[in-house]
Amino acid sequence: MRFSIIIPVYNRPQEVDELLESLCHQTIKDFEVVVVEDGSTEKCDTVCEKYKDRLALSYHFKPNSGPGPSRNFGAERSQGEYLIILDSDVIVPENYLETVQHELNREPCDAFGGPDRAHASFTPIQKAINYSMTSFFTTGGIRGGKKKMDKFYPRSFNLGIRKNVYEALGGFAPMRYGEDIDLSTRIFNGGYSCRLFPEAFVYHKRRVKFNSFFRQVKHSGEARIVLKDKYPETFKLVHILPAAFVVGNVLLVLACLVHLILAFILTGRFSWWALLWLAPILLYAMMVFVDSLIKNKNLKVALLSVPAAYCQLFGYGLGFIGAFFRKKRSSQTEKS
């Protein structure tokens, strides 16, 4: 068997149902599916049972330990030459495995990954969040959509790796967040080959509410500090940009408020000139809106893309800043 698809899941039976249904329509059938239930209270065992006659599927339940250890659990029980790690909230197009196999035959490699897209059936919020996670105007340009890059770091929503390489690396580290970048870094440090398969995309649902999306990207910002300490060579200027965006926006708003207060104290009038401090914020929002409107051709999605972009950048930036100062305070405490 060439491919083992590993799917960790936590309280998402409906999403697993949609993912398994999409796997039933693959043009290549030489694969197995290993579903690992990570201590869910809303189990998907009955969902998996529906597909036992249509897929080579095994279902496993284990105590909750997070996605990384759950993927390792599934990998230990897999039979394929390649492991393909998918998040439970994705749907795969019917030619996904065919595309992967074509790329591996054309230019073999030890590990690979592909980008993500929004499906036509997704809600406007899901499409807006997808835009914010893949756009040039946020940090989306570093997520795997570009064909030319110095190094491609696969993400766990769409990641493939030879099983023997996975085992040699020890699989995913027991990290709650950033575990996929950690594994990708160890792939490169181990001298293994890793490629982007630009056409091996998945439809990624992501979050359906801005507050849960904010928490997700905040954790990503926190994880970046951990990864910076663990692998200093992977840290780049682009990782600071969301934090700089947060600081810049806060300073512009404060400057506007100070200008308004001083103008009222000195003249007793509202100063329209103070609003010029907000011009960069409005300009950025307008660029996001127009770009999303061009790409999505949907007014509602374009409007929602503005708060989605701010949610992503502020969430990541605040997580990064908070983790940075906690790390600094911890270091000072250890020294004293």
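Me: Why is K297 called exposed?
Reply: In this predicted model, K297 has a relative accessible area of 70%. The word exposed is kept for values over 50%, so K297 qualifies with its 70%. The residue sits in the loop between α10 (279-296) and α11 (299-335).

Me: What makes the backbone of K297 worth a remark?
Reply: K297 has a positive phi of about 55 degrees although it is not a glycine. N11 is another such residue, with a positive phi of about 60 degrees, and it is not a glycine either. N11 lies in the loop between β1 and α1.

Me: Is N11 then buried, exposed or partly exposed, and how do you know?
Reply: Its relative accessibility is 22%. Buried would need a value under 20%, and exposed one over 50%. N11 at 22% therefore counts as partly exposed.

Me: Why is D89 called buried?
Reply: The relative accessibility of D89 is 4%, and the limit for buried is under 20%. D89 therefore counts as buried. Its place is in the loop between β4 and β5 (90-91).

Me: What makes the pair of D89 and R12 a polar contact?
Reply: The two side chains come together at 3.5 Å. The cut-off is a pair of N or O atoms within 3.5 Å, one able to donate a hydrogen and the other to accept it. The pair of D89 and R12 is therefore listed as a polar contact. Leaving aside neighbours within four places in sequence, D89 is also in contact with E15, Y203, H204, K205, R206 and R207.

Me: How do you know that β5 and β10 are paired?
Reply: Pairing requires at least two bridges between the strands. β5 and strand β10 (residues 202-204) have two bridges, in the antiparallel sense, so the pair meets the rule. Across this pairing, I91 stands opposite Y203 in β10.

Me: What makes β5 and β7 edge strands?
Reply: β5 and β7 (116-117) each pair on one side only. The open sheet has three strands in the order β5-β10-β7, with mixed pairing.

Me: What is Y96 in contact with, leaving aside its neighbours within four places in sequence?
Reply: The list is Q26, I84, L86, N158, A200, F201 and V202.

Me: How do you know that R195 and E107 form a salt bridge?
Reply: Their side chains meet at 3.9 Å, N to O. The limit is 4 Å between a side-chain nitrogen of Lys or Arg and a carboxyl oxygen of Asp or Glu, so the pair passes. R195 is in strand β9 (residues 194-196), while E107 is in the loop between α4 and β6 (111-113), 88 residues apart. R195 is buried, at 12%, and E107 is partly exposed, at 38%.

Me: Why can D291 reach K295 within one helix?
Reply: D291 and K295 are four residues apart in helix α10, so about one helical turn separates them. Their closest N and O atoms are 3.3 Å apart, and the cut-off is 4 Å, so the pair is a salt bridge. D291 is buried, at 15%.

Me: How many salt bridges does a search of the whole structure find?
Reply: The search finds 24. R2, E81, D110 and R162 are linked in a network of salt bridges.

Notes
Residues numbered from 1 in each chain as written. Predicted model: local features only at pLDDT ≥ 70, side-chain atom pairs only at ≥ 80, totals over all residues. Heavy atoms only, no water. Contact = heavy atoms within 4.5 Å. Buried < 20%, exposed > 50% of the residue type's maximum accessible area, 1.4 Å probe, protein only.
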